[in-house]
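Here's a quick briefing to read alongside the model. Take a look at the fold, then work through the notes by topic.

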Amino acid sequence: MNNLKNLRGTVDLLPDQLIKWQNVEKIILEQLSRASIKEIRTPILEMTELFIRGIGEGTDVVSKEMYTFLDRGERSCTLRPEGTASVARAIIQKGMSSNPLQKLWYMGPMFRYERPQAGRQRQFHQLGVEFIGYESVRSDVEIIALAWDILEKLGLKKLNLEINSLGDLNDRLNFQKSFLKWLQINKDFLDLDSQNRIDKNPLRILDTKNSQTKKILESSPKLHDFLSKKSLERYLELKNQLESLKIPFIENFNLVRGLDYYTHTAFEITSGALGSQATVCGGGRYDNLIKQMGGKDTPAIGFAIGLERLILLAGKELDVERRTDIYIVNQGLLAEPFAINLSRKLRNFDLLVELDLSGASFSKQLKKANKLNSKSIVVIGDQEAANKEFVIRLFDKKNSVNNEEVIPFDSDIKLERWLNSNLILK
Ligand code: HAM
């Protein structure tokens, strides 16, 4: 047993850490529901082919990072590295005829075999949002605004939104021809990683982190110069609408994103407070993906937020747990069944009730209630149980008793009145 450990790049999230996770998830879910976005859950395990066709063979994610294995039926399976391809597959499979426009979200674990470091894991979590069937610039704007608002609602500061347009397939092909020519001429000046990308995924060279390659790229052809008039107009309209919403952005013509399916709008939100893994949110438009995977011609746009990075950035105020309303101190053969019964009754009032199961002395149980900073306590000993009543005490801010009352077990009215008048019930 001693050698059993979790795998590198995976983590156990313990109750103390999960307070923040749950608070963050609650705020996210509220925001999504206010925007009338519906949840979709797709399997964590998919056919490998889905990601090869969906994300692209030349991408780092597919060529180096997937957890792929043969199952017992010799089928190649992959733990999902992201959610967009699965959503597209589900949409194609179920058919969209009844509802051609869908706003969807998902949240859950994703898997990429990357080198673990702060904010980068092999099993990590994403919140993803996908708008399926939406073509207008307004849908790009709503998607970006939604991501921005979620991050702001969580109190994140120092955020930068970077945007770019990758044009349509034609624009990209035209650019690629000219860029490949330039790459052949300048190959020897590029870092090794970028050289290796020339045949596999030349566009990705544009967002290299290597400073020397970056410098050389300054003289390369620019994708932006190859955008058709229509693509440029679309991009201009996006900028205008973002400006009118007062969402600040920076244009980054080298932003190409790591997955092959993007067209037109691409965007990322980074935080200066994150160090090297600075991207909290990445997304963009993928108008060809659904058709290319065998579905109808369906425009779409979406984003995903990395939850681990979000947790690193979210403030301490989200570390606060709901306060215990009532702690039930109980001891004795007669008292214990009463206590369990009372805990159920009190929980029906939507109260946070902790039932002490330790069997320890009253003073120890009281200390625990104190440590938890419970708003009030109930005390039941065999004496109270024999009298069919219990004592309930409210504490003030300094943890001294503010109000105390003896309530008969069968008097729900008296109990409710006490809870109400002592402001325990909301
Ligand atoms: P992505 O940029 O690959 O996009 O990932 C989105 C976010 O997931 C990143 O910005 C980052 O916060 C988080 N993330 C990625 N890899 C890791 C990791 N190894 N550890 C921790 N966090 C990580 C997508 O996945 C697209 N499906 C987004 C999208 C949706 N585009 C359109 N719709």
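A quick word on terms: buried means under 20% relative accessible area, exposed means over 50%, and partly exposed is anything in between (1.4 Å probe, protein chains only). Helices (H or I, at least four residues) and strands (E, at least two) are DSSP runs, numbered from the N terminus. This is a predicted model, so local features need pLDDT of at least 70 and side-chain atom pairs count only at pLDDT 80 or more, while totals for chains, interfaces and linings use all residues. Residues are numbered from 1 along each chain as its sequence is written, and side-chain values use heavy atoms, with hydrogens and water left out.

**Helix α15**

- In helix α15 (residues 412-421), the buried residues are Leu-415, Trp-418 and Leu-419.
- Looking down the α15 axis, these buried residues fall within an arc of 95°, so they line one face of the helix; the arc is that of the directions from the helix axis to the C-beta atoms.
- What do the buried residues of α15 pack against? Their partners are β12 (326-330), α12 (335-347), β14 (376-380), β15 (389-395) and β16 (401-408), where contact means heavy atoms within 4.5 Å.

**Domains**

- The protein splits into domain 1 (15-168 + 228-318) and domain 2 (326-421), with bounds that come from an automatic or database domain assignment.
- Taken over C-alpha atoms, the centres of domain 1 and domain 2 are 48 Å apart.

**Listed binding site**

- An unreviewed UniProt entry lists Glu-82, Gly-83, Thr-84, Arg-112, Gln-126, Glu-130, Arg-257, Tyr-261 and Tyr-262 under "binding site"; such annotations may be inferred rather than shown by experiment.
- Glu-82 sits in the loop between β4 (76-79) and α4 (84-94), and it is buried at 3% relative accessibility.
- Setting aside neighbours within four places in sequence, Glu-82 is in contact with Phe-51, Ile-55, Met-110, Arg-112, Gln-126, Leu-259 and Tyr-261.
- A polar atom of the Glu-82 side chain lies 3.2 Å from the backbone nitrogen of Thr-84.
- Tyr-262 belongs to the loop between β8 (250-251) and β9 (263-271) and is buried, with a relative accessible area of 4%.
- The side chains of Tyr-262 and Arg-257 make a polar contact (3.0 Å); that term covers a pair of N or O atoms within 3.5 Å, where within protein one must be able to donate a hydrogen and the other to accept it, and residues adjacent in sequence count only if both atoms are side-chain atoms.
- Not counting residues up to four places away in sequence, Tyr-262 touches Leu-166, Arg-172, Arg-257, Gly-283, Gly-284 and Arg-285.

- Leu-313 is in helix α11 (residues 307-313) and is buried, with a relative accessible area of 16%.
- Beyond residues up to four places away in sequence, Leu-313 touches Leu-156, Ser-271, Ala-273, Leu-274 and Val-280.
- Leu-313 and Ala-273 are 40 residues apart along the chain, and their C-alpha atoms are separated by 7.2 Å.
- Leu-173 lies in helix α6 (residues 169-186) and is exposed, with a relative accessible area of 52%.

**Cysteines**

- Cys-77 is buried at 9% relative accessibility, and Cys-281 is buried at 0%.
- With a disulfide taken as a pair of cysteine sulfur atoms within 2.5 Å, the count comes to zero.
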